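Below are my notes as numbered points, to be read with the structure open.

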Amino acid sequence: LPLPKINLLYVMEGGRVGGAEQNLFTVVKSLDKTVYTIQVCLLCSSDISEEILKSLDISFFVLHMKGKWDLFSIFKLVRFMRRKKIQIVHTCLYASNTFGRIAAILARVPIIIAWESGEILLGSTPLKHCTVDRILAQFTDYIVACSESAKEGILKKEGIPARKIKVIYNRSE
């Protein structure tokens, strides 16, 4: 008897397609679709991201957030997570890390993973972002850093316990 698939949801910002988005596309393309039911939530519309996800045959939906304080969108995302029985939420970059993790907490998703970019190394991460990340880290199972130096930056600037931070280097084709 085959095991049931794991319902996995990636939450990403949408809009532009940079290194973080390219990394996510590489990851979803390589995941075993016999093990995972993969879905992607774009916080805002992105023709490029949508075309790439279609070409990869990955199910996605656009949340159409109307600004950074669009709380209604969080509740739409909570309903989606509950309806699809999402078991793992993996967020990517600040807006999706914030809104995706809040929705996952409210939806009681069992495993929450956040991917942190290397921006923390540049000293460009505002203090309020670090504070929000520190609070949400209490409810996050793992935080993925793209390098040892990014991990050290997260430890130093955000004060998140080292046991929660895992280094996974970006994949290339």
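Is A95 buried, partly exposed or exposed? Its relative accessibility is 24%, so A95 counts as partly exposed. Please keep in mind throughout that this is a predicted model.

1. **A95 and its surroundings.** A95 sits in helix α4. Leaving out residues up to four places away in sequence, A95 touches E13, L43 and G100. The chain also brings A95 and V11 together in an interesting way: 84 residues separate them in sequence, while their C-alpha atoms are 9.4 Å apart.

2. Once neighbours within four places in sequence are set aside, the contacts of T98 are V132 and L136.

3. **The largest pocket.** This pocket holds about 420 Å³ of space. It is lined by 21 residues, and those closest to its centre are Y10, V27, H90, V144 and I168. Two or more lining residues come from each of β1 (6-12), α1 (19-30), β4 (88-92), β5 (111-116) and β6 (142-145). The biggest contributor is α1, which gives five residues.

4. At least two lining residues come from each of α4 (94-107) and α5 (127-137), with α4 giving the most, five residues. The lining is made up of 11 nonpolar, three polar and two charged residues.

5. **Helix α2.** Which residues of α2 (residues 47-55) are buried? They are S49, E50 and L53. Viewed down the helix axis, these buried residues fall within an arc of 100°, so they line one face of α2. The face turned away from that buried side carries the exposed residues D47, I48 and S55. Among the elements covering the buried residues of α2 are β1, α1, β2 (36-42) and β3 (59-62). After the helix comes D57, with a positive phi near 60°.

6. **Helix α6.** The buried residues of α6 (residues 148-158) are A150, K151, G153, I154 and E158. Around the axis they cover an arc of only 160°, which means that they lie on the same side of α6. Their packing partners are β5, α5, β6 and β7 (165-167). Just after α6, G159 takes a positive phi of about 65°.

7. K85 has a phi near 55°, a positive value in a residue other than glycine, and lies in the loop between α3 (71-83) and β4. K85 is exposed, with a relative accessible area of 62%. L93 has a positive phi too, near 80°, and is likewise not a glycine. The loop between β4 and α4 is where L93 is found, and at 10% relative accessibility L93 counts as buried.

8. **Cysteines.** How many disulfides are there? The count comes to zero. For C44, the closest cysteine sulfur is that of C41, at 9.9 Å, which is too far for a bond. C44 is partly exposed, with a relative accessible area of 31%. C92 is in no disulfide either, and its nearest cysteine sulfur, in C146, is 10 Å away. C92 counts as buried, at 5% relative accessibility.

Terms used
Residues are numbered from 1 along each chain as its sequence is written. This is a predicted model: local features need pLDDT of at least 70, side-chain atom pairs count only at pLDDT 80 or more; totals for chains, interfaces and linings use all residues. Side-chain values use heavy atoms; hydrogens and water are left out. On a 1 Å grid over the protein atoms alone, a cavity is a set of points where a 1.4 Å probe fits but cannot get out, and a pocket is an open set with protein on both sides within 12 Å along at least five of seven lines; lining residues have an atom within 4 Å of a point. Grid points are joined across faces, edges and corners, and a volume is the space filled by probe spheres set on the points. Helices (H or I, at least four residues) and strands (E, at least two) are DSSP runs, numbered from the N terminus. Ala, Val, Leu, Ile, Met, Phe, Trp, Tyr, Cys and Pro count as nonpolar, Asp, Glu, Lys and Arg as charged, and the others, Gly among them, as polar. Buried means under 20% relative accessible area, exposed over 50%, partly exposed in between (1.4 Å probe, protein chains only). The arc is that of the directions from the helix axis to the C-beta atoms. Contact means heavy atoms within 4.5 Å. A disulfide is a pair of cysteine sulfur atoms within 2.5 Å.
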